[in-house]
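Please look over the sequence and the model first.

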Amino acid sequence: MTLQQKFKELEDEGSALLATNFYNFETITGVLQAASAKEVPLILQASPSTINYLGAGVAASLARSTMEKHGVEGWLHLDHAESYDLIKECLDEGFDSVMIDASEKSFDENVAITSRVTELAQSYGANVEAELGYVAKLGQSHEREGFTKPDEAREFVAQTGVNALAVAIGSAHGFYKKEPNLDLERLEQIHRATSCALVLHGGSGIPDAQLQQGIRRGIRKINVATEIKNIFMKTLQEELHQNTEIDLRKVFPPATEKINHLVQGKIAIIQGANAD
């Protein structure tokens, strides 16, 4: 099943997929242990920084082999790419999905850049995600607002042919300084106006009830990255502080297990959206 087909299935069910970033063997293992325990599919995401660190081929091989090892159905996605060449490289390596992020460009530029990527991806049968509106990235202001407009979303999807659209409804990347308040009414309007899967970026730290309301109102993919990095590194720092062990194979597992626990919790939130 392609990711595009999965999104259609999720739309019929009114459910969502968790999309988790990975950075190395330990982080991808923790994520897949959780998915295996919960018996659910998920999306594994690699950012351009991770591709620069691992290499596109290594990232693809790592994802495929570990999904097979843990018996998890999943899709490999390139997250927040701005480079056409990087997107093509990842598609050549067998990525199932790519994101072109031209959200900081003008609407017309975003359409033009995104359309070029959707045209490329068609020959690979790959899913394409884009972003419309302002979702604060790490280091950017959370105070600025540039919410996605339903009419622009309709026009953007029609002109570009994207399969998935990351929408700006009050979320942000990284940790929040105050509790976010998602514009769920706007989300509902965007959902009615578009035919593609809607994506929530900045899923780390959003209250459970808001995530579930988001799913009920049209979100089909929820991204989590910051919490994974944070819990892995915090646990690792504690482990290293407490002992002088030099065998990294003994030091890493507690941090991996914390990711497992975190991701199982996120999966449970998604499953709870349709519990009643």
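**Basis**

This is a predicted model, in which local features need pLDDT of at least 70 and side-chain atom pairs count only at pLDDT 80 or more, while totals for chains, interfaces and linings use all residues. Residues are numbered from 1 along each chain as its sequence is written, and side-chain values use heavy atoms, with hydrogens and water left out.

**Overall form**

The protein chain contains eleven helices and eight strands. Helices (H or I, at least four residues) and strands (E, at least two) are DSSP runs, numbered from the N terminus. Along the principal axes, the C-alpha atoms occupy a box of roughly 60 × 40 × 35 Å.

Of the 276 residues, 55% are buried. Here, buried means under 20% relative accessible area, exposed means over 50%, and partly exposed is in between (1.4 Å probe, protein chains only). The protein chain exposes about 12,600 Å², and carbon and sulfur atoms supply 47% of that area. Accessible areas come from the Shrake-Rupley method with a 1.4 Å probe; for residues, only the protein chains shown count as cover.

Contact means heavy atoms within 4.5 Å. Among contacts between residues at least 6 apart in sequence, 72% join residues at least 24 apart.

The protein chain has 26 positive and 39 negative charges, and their mean positions are 3 Å apart. Lys and Arg count as positive and Asp and Glu as negative, whereas His and the chain ends are not counted. Each charge is placed at NZ of Lys, CZ of Arg, CG of Asp or CD of Glu.

**Nonpolar cores**

In soluble globular proteins, nonpolar side chains tend to be buried together. A nonpolar core is a set of buried Ala, Val, Leu, Ile, Met, Phe, Trp, Tyr and Cys residues joined through side-chain atoms within 4.5 Å. The largest such core has 73 residues, and the members that touch the most others are Leu44, Ile51, Leu78, Ile87, Phe95 and Leu165. Helix α11 (residues 248-272) gives the largest share of this core, with nine residues. A second, separate core has eleven residues, including Leu3, Leu17, Trp75 and Ala164.

**Single residues**

Lys266 has its place in helix α11. With 10% relative accessibility, Lys266 counts as buried. Not counting residues up to four places away in sequence, Lys266 touches Leu18, Gly203, Gly205, Val224 and Glu227.

Ala35 belongs to helix α2 (residues 25-38) and is buried at a relative accessible area of 1%. Beyond four places in sequence, Ala35 touches Val40, Leu42, Val72 and Ile267.

Phe232 lies in helix α10 (residues 226-242), and its relative accessible area of 5% makes it buried. Leaving aside neighbours within four places in sequence, the contacts of Phe232 include Asn24, Phe252, Ala255 and Ile259.

Two further residues sit in loops. Ile206 is in the loop between β7 (197-200) and α9 (208-216) and is buried, with 3% relative accessible area. Gly218 is in the loop between α9 and β8 (219-224) and is buried at 1%. Outside four places in sequence, Gly218 is in contact with His191 and Leu198.

The table gives C-alpha distances for pairs that involve these residues.

| Pair | Apart in sequence | C-alpha to C-alpha |
|---|---|---|
| Ala35 and Gly74 | 39 residues | 9.4 Å |
| Ile206 and Gly170 | 36 residues | 10.0 Å |
| Phe232 and Ala255 | 23 residues | 4.9 Å |
| Gly218 and Ile259 | 41 residues | 27 Å |

**Positive phi values**

Glu39, a residue other than glycine, has a positive phi near 55°. Glu39 is in the loop between α2 and β2 (42-46) and counts as exposed at 72% relative accessibility. His80 is not a glycine either, and its phi is positive at about 50°. His80 has its place in strand β3 (residues 74-81) and is buried, with a relative accessible area of 16%.
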